[in-house]
Amino acid sequence: MSEVSVSGVLAELGRMRLLPVVVIDDVRHAAPLAAALLAGGLPCAEVTLRTPAALEALRILAADPDLLVGAGTVLSPTQAEEAVRAGARFVVTPGWSDAVVERCRVLGVPILPGVATPTEVLRALDAGLDTVKLFPAGLLGGPAAVRALAGPFPGLGVVPTGGIGPDDLRRYLDLPTVLAVGGSWMTAPELLREGRFDEVRTRTEHAVVMVREAR
Ligand code: 3PG
């Protein structure tokens with residue numbers, strides 16, 4: 001296995017089996033969000049670099065030693081660098097980028113590249129990676145798509161993301177190639193905007209229970 005694939009970070013994600021995707025508009029939401037995730041039993045987050053507040057929010061979340069925090073929606077090598085400087089311990093992209101993968105290698109940070117086709121999986125394998133984000137998982141066929149990819153790529157670790165919610169979470173968790181399931185349903189942007197951090201905690205707790213039941 002590649003150096004990246006055996007990294008402690010991906011192993012930690014594999015133990016949690018969930019990756020809450022965060023779109024944050026206001027840095028003041030970062031601290032209560034961290035508290036809600038921790039109270040819900042899920043000490044990790046992917047902060048998407050889609051909002052002006054994202055990097056500072058990432059910095060605040062990453063400063064909590066109990067949280068494993070990565071950066072999502074990383075579209076360029078510069079963004080990868082900024083994210084790592086802000087404390088990101090892993091990088092997620094929505095699609096394949098040679099430039100971002102190469103910069104992450106130089107930075108020594110694990111990357112979950114977005115893939116949507118077997119050709120892109122082959123690119124990831126060629127680059128020495130064996131764990132990918134399948135995006136947008138729901139549109140690509142959901143759990144059936146993950147199962148189909150496991151045929152030619154049995155050793156591939158998959159993080160399906162996009163269009164997943166509590167109703168189909170269990171079907172993804174039951175698949176052995178699924179390292180973790182990503183999604184924004186636990187940390188939905190409107191919950192953050194409306195200050196409904198109790199609901200973030202509740203949704204997180206429910207998802208964590210499902211992970212436990214799937215074991
Ligand atoms: C995204 O890019 O927003 C993530 O993949 C999350 O997708 P979701 O909002 O459908 O869970």
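This is a predicted model: local features need pLDDT of at least 70, side-chain atom pairs count only at pLDDT 80 or more; totals for chains, interfaces and linings use all residues.
Which side chain has an N or O atom 2.6 Å from an oxygen atom of the ligand?

1. Residues are numbered from 1 along each chain as its sequence is written, and side-chain values use heavy atoms, with hydrogens and water left out.

2. The side chain in question is that of serine 184. Arginine 50 also places a polar side-chain atom 2.6 Å from a ligand oxygen. Glycine 163 contributes through its backbone, with an N or O atom 2.7 Å from an oxygen atom of the ligand. Such polar contacts are pairs of N or O atoms within 3.5 Å.

3. On its own the ligand has 310 Å² of accessible area (Shrake-Rupley method, 1.4 Å probe), and the protein covers 78% of that area.

4. The shell around the ligand (residues with a heavy atom within 4 Å) consists of Val21, Arg50, Lys133, Phe135, Thr161, Gly162, Gly163, Gly183 and Ser184. By class, two are nonpolar, five polar and two charged, with Gly counted as polar.

5. A pocket is an open set of points on a 1 Å grid over the protein atoms alone, with protein on both sides within 12 Å along at least five of seven lines; lining residues have an atom within 4 Å of a point.

6. The largest pocket holds about 230 Å³ of space, a volume filled by probe spheres set on the points. Its lining comprises 16 residues, with Val21, Arg50, Phe135, Thr161 and Gly162 closest to the centre. The lining divides into six nonpolar, seven polar and three charged residues.

Key: A polar contact is a pair of N or O atoms within 3.5 Å; within protein, one must be able to donate a hydrogen and the other to accept it, and residues adjacent in sequence count only if both atoms are side-chain atoms. On a 1 Å grid over the protein atoms alone, a cavity is a set of points where a 1.4 Å probe fits but cannot get out, and a pocket is an open set with protein on both sides within 12 Å along at least five of seven lines; lining residues have an atom within 4 Å of a point.
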